[in-house]
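Look at the structure below before reading on. The paragraphs after it go through a few of its parts in turn.

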Amino acid sequence: MMQSINPATGQLVAEYPEHTPAQVEAILAGNHTALRCWRTHSVRERAACLHKAADILAERTQELAGLITLEMGKPVGEALAEIKRCVNVCRFYADSAEQMLAPEYPPGAPPDARIVFDPLGSVLAVMPWNFPLWQAMRCAAPALMAGNAFLLKHAPSVTGCALALEKVLAASGLPEDLFRVLVVAEDRVAGIIADARVRAVSLTGSCRAGAAVAEAAGRSLKKAVLELGGSDPFIVLEDADLDTAVHTAVGARFYNGGQTCVSAKRFLVARAVLARFEERMAKSVKLLKMGDPTHPEVRIGPMARSDLRRNLDRQVRESVSMGARVVVEGGPVDGPGFYFRPVVLSGVKPGMPVFDEEVFGPVASIISVTDAQEALRLANQTRFGLGASVWSRDVAKATKLASFVEAGTVAVNTLVKSDPRLPFGGVKDSGFGRELGRQGLMEFVNVKVMRIPG
């Protein structure tokens, strides 16, 4: 039985029975049948369905945002923004896929040759809880526009969100069963990947989950895309605009309660401006209002689960015991729900959990650096490589430094965030493959060469 728990109260929201083997078989069979129909639709016909899905999402914004807040504790303002992102990604691919999927005639190739892009088949998406609708739609929109069928295995705690999304897509004009939710436990995913009707898998989640899915996909020779954890460095050089850097730093670290893969987590600050950076960050963090996530003025809601809160508390306590200095004191809050008051640590060094591990919650780690070269070395001293940013008034210097940062996205003097128009993903233990942009659409197509005499 899958349980949905309200993180703000700790109370049970709903229980969902797991799909039986017979139900899973029926879903896979129906999905495969729908695929045969869908792949014959023109790109423009597919686009009409995606535009309709965007319309339904927009019409149901308040309801769906409320469900996100209920199931994972996201502040309602951020939940509303999440629905808007889902609308935008549907419209982007609906408007752009025809051009992206147009046949190509490579320069210098034989005159009878062209490259076309066919769907792979059914794509299984194994998605996390922290952006319940956005994570699913940023994968589903390009996969569907490419002519694939879609199977969603969501995190158990947001099963209600998954089923609500299934209803949205069912009402959009897609063939019946083309987008289906599988309510199954983690230990059944490998068996589903092995099914011949599933041709590819995409996972956003932990490194442990990514390794398991990659192993299962490899055994079955299936295409896989993995977007895993991050420990994004935020490099502040001594000539940075501190007011802008601090303002962005606080937003980047504490958005979604710090429960975001691609968010600033390690703040590498030049020693010359360290004291001022600490002071300004502390002042800003203390102003963040924590409380009931249904209230519009709240910036910090509860963490999504009690086990996540326990692990975050462990990371902070162990790091402090190893010499990290508390700049803003916080931690688990007594009472109902899974609240964790924001923490800012300084004097953080390699070897501490808040440096070495992914920190998934409202904790900021400040590391003092002597110069840009030490900042670069420490920025890259991580198993992850998802996002990063560099802050300096000297854009040329910052750009040169950014070019050596090992990450899928590096920003100079701006916030790192995903954009439907741009590919998104990481290197090292942050995964492989890309979502979004044309590259995200191309992940789940057969790049086929056709020779047609003229």
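Which residue in strand 10 is the bridge partner of Phe-234? The partner is Phe-267. This is a predicted model, in which local features need pLDDT of at least 70 and side-chain atom pairs count only at pLDDT 80 or more, while totals for chains, interfaces and linings use all residues. Residues are numbered from 1 along each chain as its sequence is written, and side-chain values use heavy atoms, with hydrogens and water left out.

Helices (H or I, at least four residues) and strands (E, at least two) are DSSP runs, numbered from the N terminus. Strand 9 covers residues 232-236, and five of its five residues are buried, so the rest of the structure largely encloses it. Buried means under 20% relative accessible area, with a 1.4 Å probe and protein chains only. On one side of strand 9 lie Asp-232, Phe-234 and Val-236, and on the other Pro-233 and Ile-235.

Two strands pair if DSSP finds at least two bridges between them. Strand 9 runs parallel to strand 10 (residues 264-270), and five bridges join them. From strand 9 the chain passes through helix 9 (residues 242-254) to strand 10, a right-handed β-α-β crossover: with the strands pointing away from the viewer, the path from the first strand over the helix to the second runs clockwise.

Ile-235 has Leu-268 as its bridge partner in strand 10 and stands opposite Val-390 in strand 16. Strand 16 (residues 387-391) pairs with strand 9 in the parallel sense over three bridges.

In strand 10, seven of seven residues are buried. Strand 10 also pairs with strand 15 (residues 363-369), in the parallel sense over five bridges; there Ala-270 has Val-369 as its partner.

Terms used:
Buried means under 20% relative accessible area, exposed over 50%, partly exposed in between (1.4 Å probe, protein chains only).
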